[in-house]
Every structure is written in structure tokens, then in C-alpha cells.
Amino acid sequence: MIETLLKSIFSTNTVVFIGYRLGDYNIMLILNWAKELLKGDFRKPIFLYTDDDELSAEELKYHQSKGVTVVEWQKLLLKNDSSFERRYLSFFDAIRDNNKMDYLGDDPDEAFLKLFYKLEPLDSLNALRHEDVRKKLADNDCFIESNGVVRLIDDNSLFSKYIEIDKLSLKNRKTLDSNLVKKYDVISSVLKKACIVGIRLKNEVYLFNNCISEFGDSHCILHDYKWMSAYVKKEYKKLDKLFYKAFYLYKLHRYEDSLRLFTEVSRKAFKEENYLLFYFAKANCISLRQMLKNPNGLLFFAQNAVEDDILNSNQIDNLFNGLPFEFKSKYDNLKDIHSSSLLFKYAYYAFESAHKVDEVIETDTIEYGISACDKAMYRINDFMHFMLGNGLVVDAFSEYKNAVKRIMESLIHKYAIQNKHEVLVEHILPQNNETIYFDEIDLYCFIECFKAKEISRLLEKNEIETLEFKNKELIEKSIKNILDYYGAALKAEVEVVELLNLQLKIKNVLVLSRYMDLSQGLVEYMTKFILENKFREILINDKVYFLDRQIYKRKKQSKKIVSIIENCLFSYFDEHKQSLELGTRFEDYSSSVGITYANLSNYLMLNGEEYISSGLSSRVNEMIEKDYSQLFSSHYYNHVSKKQKKQLLKWVEQSIEKKFDFKRLSFLICFDYKMTNKVIINNLVDYLRKERVR
């Protein structure tokens, strides 16, 4: 108990020794033990020296090397003012001044060592937020800009040794002491994991070598479900491998399997005293429990208290606090990972960032330096990098999704107007003429956080015709990954919930693709995929809207696309005909918007001209011969021969004579068909009179 108490005191407070001798054996023993135990978290205690003899410079340096800051009482007394009050205040002024982790007087090697001990615990994580590093360096007044540049308020030597090593060539770096290089590598690893690229010095920004790191988890960002599926099929002995197997099961929407494995990982990690992995696994168990309790509704993290296999609701609240002191001391930045406060905090900052973007747009503000849009994008990227990189089950909850959507809405608004107005002062004042663009991370946000209708409304509201994405190769790879895996999942007969979730993602892709300039190859691939598969969540109108934008607007016609559309149209036509003959119900997965499979014929185009389809012509002949009026569609007219067009018009007239149909009559009128049939004319007059009365 005494050991735990002392650990707590020395790691969370600045200790002041009063009434002890500088060479006190017990004090030196405690300090040596505390420094070894706490390492980077060790805070120099302050020793009040009250002896009559003043310390020499050598003695002072010796005692400070032992890990204490010495305040000499004699040097606090002022010659002209030795009153009790003044002496009393000067003592506390000295304590206050020494309470900062000030590296101004440190040797660069000592400062480098302190930097290492501060950051070394963070290297156990796979991805870091800026705030994780900032908190570790908080005593040094550290600030990290949204572009990943460290700014230190004081001009100090904290990074001087690191920069000195970083400037060396790889060859020269190998000549250094191996322990020194190892510490350099750990610091570099932490900076990369936090997406920190450089440090702002007096007159310049120094960019670190090899500072570009992988964002989050590329397999998740690029929707590489095929890779994830192969990963989860393997057996692993290492706990970290098992942890990510459980995480990828979650990304594949296999929630129960994921929960079982995370529970197993948490138990094994606790037994092995791997408290970081235990904490992350247990946090994911809590999230998955909540998801399984609310399978069909909106998932709000804080909606209900959730009980894990081991923890009750009270223990969940105290999950972090119940872990060993050393762990809490090292990873204080992670204390809210398992609770709703993490999402509430993220949502607050996200909405605040989005509001600032809106404010800039409304006031037409000229921005200098890092813009509000950059800061808003940083809010998304920083948290997503941390969440995906560490395998945290967070992005299924509405608090997270709503926060992402709010930022994306503001960015889309900014994107829509960025070229619609000119700034009058552009020739007078320099300005930050930023251009908003989107990348694979934004595509991930659209697919994962939005519903298809929300994407459509957002882009139509902002009158966006084309949404520009950079890294086009990665964008198309991500889209293809989703489609490829759906085909594999169908063959593997996976659970329905996985298929339906994939369908919703594909639907989002189809909506987004209407506003994207895709390659010809991908358009052909997507056309084949959506027309050869039937879905519960994707209706025929979703497919038609995609074709309309790609073929009419973006001119992506080709022989291959014509062949794909023809075969799909024939298949639907033949199924419909068979259902009529068997007296069964035909379902083409249409919607209330009046679009059916027959609309596909509108996209039988080649070289900008209507394509005459022999296969469709033969089917129209059969429709006329067997008088299958239910199969009729005006969309077929432009894709049959001239002779057939006449036969079709005549057959429609005969069908109207049997049973009046105003829509079919309108079809005849559109093609200047001469109407002389008195029965039809009289029926039309009656129809118009009834409509007038209505």
C-alpha cells in the first residue's frame, strides 16, 4: 500500500522536501527507485536547502544530477526586504518557477532522454492522435497544429538532439551508439503513428525524415473485405493477431463471432498482464454488447447501460480506474476509450469545427494559414486514424456518424461554392485560395456514415454536378473491393446481415458514382455487376439512375455496356413473360417512382445514337403475336426496326380500342400516329369529361 501511495504521489505531483539533508540516504533511495519505476513520468522534486553554508556550483550540479531541483533559502532573502511576508512569497515563487518541466538548462542528451521516456509508452499503440503526444509533452507547453507540425512555446532543447540525429544520413546514423539509435527509432515511430511531420523552429519548419505513415488501417479504408475474410479464416497464437481477427470480424458484420473472440482476448490479455490489449478488447466487448442489443435501431452508445460477461454496469464505468497504477500513469490519455464521453467529446469538437466552416462561408472571410476547412478535415482524420489503427469498435454508433456527417456537410457546402464567386480584394491582399478536394478517406466516410438518400439530398441541395476525388486509382480500387467481395460472399453463403450491410454500402456507392467521373473500365464493371445481381436493398431505379448519369451525362457508352444491358433486359422480359404464362407474380424490385426494368432500354446507345436490338425486336414480335399487353413499354419503340414500329403502333391502337388507356394513347400521340378510330375518340372524350368533373 505504501508503494502504491508513493507511486501515485511522485507521478501526479511535484514533491517538495522540507527539513531533510541533501544527502539523506532514504531520500536518495526513494528518488532512485521512483526514477527507475516512473521513467518519463518522473517529475523532479524540489528540495528546500536551509543550511547556513551556501552550495558551490559543483555541489549544486551534483545534487541536481541526482534528480532534484534545489532551492537555496539563503538566495531567496532580499537585502532590502527581509520581511516574513516577502520571504514567504519568494519561497512559493521559487516553487512555482521550478514546477515546469523546463529544459532550457538541460544538456541536449539529457533532454533527448526525457523526450524518449515521455513518448516511449505511446509506441505500444498502432495509431495515435495529436492529443496523445501533446499530453505527454504538456509540461513543455507543446502545441500540435492540424497539419502535423509541433510548436513549442518555449525555445528549448527538447528536440535538438533528435533533430541532430534525424539530419544524419542512414549510413552515418549507423555509426552512432546502438542504444541511442534505438531511442531515436522509438521517438520517430511515435511521431509517425501520430501523423506528426515536423517541428516549428524560430525561423523555419523542420520536416522529419520518413515522416509519412500509413493512415489508420488501409484494409478498412479501402474496404478490402476479401483480405479481411482471408485473415479471419486463419488461426493465430499471438494475442495482438487474435485482437485484429476479432476487429475484422466486426468490420465484416459478424458481430457475435467478434464479441466471442474479443472476450477471449480480454481474458488472456489480463492473465498475461497485457493491460493495454485487455483494455481495448474489453472496451470493444462493451460496444458489441450494445450493438447486439439494438440490432435494428439507431445505435446510440449512451442509450443504455450494457453488461459484459465479466463486468456489471458499475464496473464498466470504472474499467480504466480499476487497472494497475503503472498502466494508468502511462496511458492517462486513453481513460475515456470505453465510455460514451469519448464520442460526446469528439462530436462536440466536430460540430464546433463544422460551425466555423459555415461561419467562414457566410461571412466570406479571407483566411490565412491553416483554414477552417483544413481543421475540419483534421477532426475527421485524426480520430478515424486512431480508431481504425487501434481496432476500436466505435464507428457503428450514431454519435460518431452524426459528427462525421456534420463536418462533411460543411465541406460539401464549401466545395460547392468555392468557384462560384470572386473575392474583390484578391489583387490587393494575398489570400489562401484553397481548393477543396476529396480522397479515399472521404469516400470511406460517405460509404460508412451516410444513407443513400442523405448523400443524394446533400449533393442535390448544393447543386453539385461532379464531385472531384484525388487518388483516383485508390478510389476505384475501394469501390471494386466492395463489389468483388459481395460476389464472393454470395458464393460463400454468408449470413444475411452481412449481405444486407454490403448492399447498403453498394447503394451508397451507386449514388456517389452519379457525381463521379469514373474510368470506362469501372463503369463497365459496375454495370455488369448491378445488372447481373438482384438485391433487396438496391431497386431497379437505383440501377437506372446510375446508368443515366454514366451513359447520358458522361458519355460512357460502349459495345460491352450495350451487350450487358441487352442481356439484362432480355432476362427481365423473359421472366415477366414466364410469370404471365404460369400465373405467378413478377417482381422486378421497382419502387414507387414509376421506373421498371423496361427503362433499361433507354440506355441501349452506341456512338450517341439509339441502338436497334434484334433480340428486343423478336421479343416485341412475340408480345404482339400473343397479345401480352402487360409486357408493353413505350421505351422499346426506339430500339426496334421501322417495320416493327408500325406494327407496334397498330397493336397499341387495337389494345386501346379493347380497353381505353390514356397513357398508351399519349404514346401514340407522341409519335404522330394518325387517330381515326371513332371508338377511341369517343372514349377519350368521355375520359376528359370525367377528369374535368374531378
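Guide: Before we look at single residues, one term is needed: a residue is called buried when its relative accessible area is under 20%, and exposed when that area is over 50%. Please keep in mind throughout that this is a predicted model.

Visitor: Fine. What does that say about Ala246, buried or exposed?

Guide: Ala246 has a relative accessible area of 0%, and because that is under 20%, Ala246 is buried. Ala246 is found in helix H13.

Visitor: And which residues is Ala246 in contact with, leaving aside its neighbours within four places in sequence?

Guide: With those neighbours left aside, Ala246 is in contact with Ser258, Leu261 and Phe262.

Visitor: Let me follow up on Ser258. Where is Ser258 found?

Guide: Ser258 is found in helix H14, which covers residues 255-271, and with a relative accessibility of 0% Ser258 also counts as buried. Apart from its neighbours within four places in sequence, Ser258 is in contact with Ala246, Leu249, Tyr250 and Leu288.

Visitor: Staying with H13, at what angle do H12 and H13 pack?

Guide: Helix H12 (residues 225-232) and helix H13 (residues 239-251) pack at an angle of about 135°, and their axes are 9 Å apart. That angle makes H12 oblique to H13, and the crossing of these two helices is left-handed.

Visitor: Which residues make that contact?

Guide: From H12 the contact is made by Tyr225, Trp227, Met228, Tyr231 and Val232, while H13 contributes Lys241, Tyr244, Lys245, Tyr248, Leu249 and Lys251. The residues of this contact of H12 with H13 divide into eight nonpolar and three charged, with no polar ones.

Visitor: Changing topic to H23: how many residues has it, and what does it reach from first C-alpha to last?

Guide: Helix H23, at residues 472-492, has 21 residues and reaches 30 Å from its first C-alpha to its last, which is close to the 30 Å expected at 1.5 Å a residue. The buried residues of H23 are Ile475, Glu476, Ser478, Ile479, Asn481, Ile482, Leu483, Tyr485, Tyr486 and Ala489.

Visitor: What do those buried residues pack against?

Guide: The buried residues of H23 pack against helix H11 (218-221), H12, helix H21 (440-449), helix H24 (496-513) and helix H25 (520-532).

Visitor: Which residue follows H23?

Guide: H23 is followed by Glu493, whose phi is positive and near 55°, although Glu493 is a residue other than glycine. In general, most residues other than glycine have a negative phi. Glu493 lies in the loop between H23 and H24, and at 69% relative accessibility Glu493 counts as exposed.

Visitor: And Glu273, what is its phi?

Guide: Glu273 has a positive phi of about 60° although it is not a glycine. Glu273 lies in the loop between H14 and helix H15 (275-293), and with a relative accessibility of 57% Glu273 counts as exposed.

Visitor: One more helix, H29. Which of its residues are buried?

Guide: The buried residues of H29 are Gln644, Lys645, Leu648, Leu649, Trp651, Val652, Glu653, Ser655 and Ile656. Helix H29 spans residues 642-658, has 17 residues, and reaches 25 Å from first C-alpha to last, close to the 24 Å expected at 1.5 Å a residue.

Visitor: To finish, how many helices and strands are in the protein?

Guide: The protein has 31 helices and nine strands, and buried residues make up 50% of its 694 residues. Among contacts between residues at least 6 apart in sequence, 68% join residues at least 24 apart.

Note on methods: Residues numbered from 1 in each chain as written. Predicted model: local features only at pLDDT ≥ 70, side-chain atom pairs only at ≥ 80, totals over all residues. Heavy atoms only, no water. Helix = DSSP H or I, 4+ residues; strand = E, 2+ residues; numbered from the N terminus. Expected span 1.5 Å × (residues − 1). Buried < 20%, exposed > 50% of the residue type's maximum accessible area, 1.4 Å probe, protein only. Axes fitted to C-alpha atoms, helices over the stretch in contact; angles between N-to-C directions. Parallel < 35°, antiparallel > 145°, perpendicular 65-115°, else oblique. Left-handed = near helix turned anticlockwise from the far one by under 90°. Contact = heavy atoms within 4.5 Å. Nonpolar A, V, L, I, M, F, W, Y, C, P; charged D, E, K, R; others polar.
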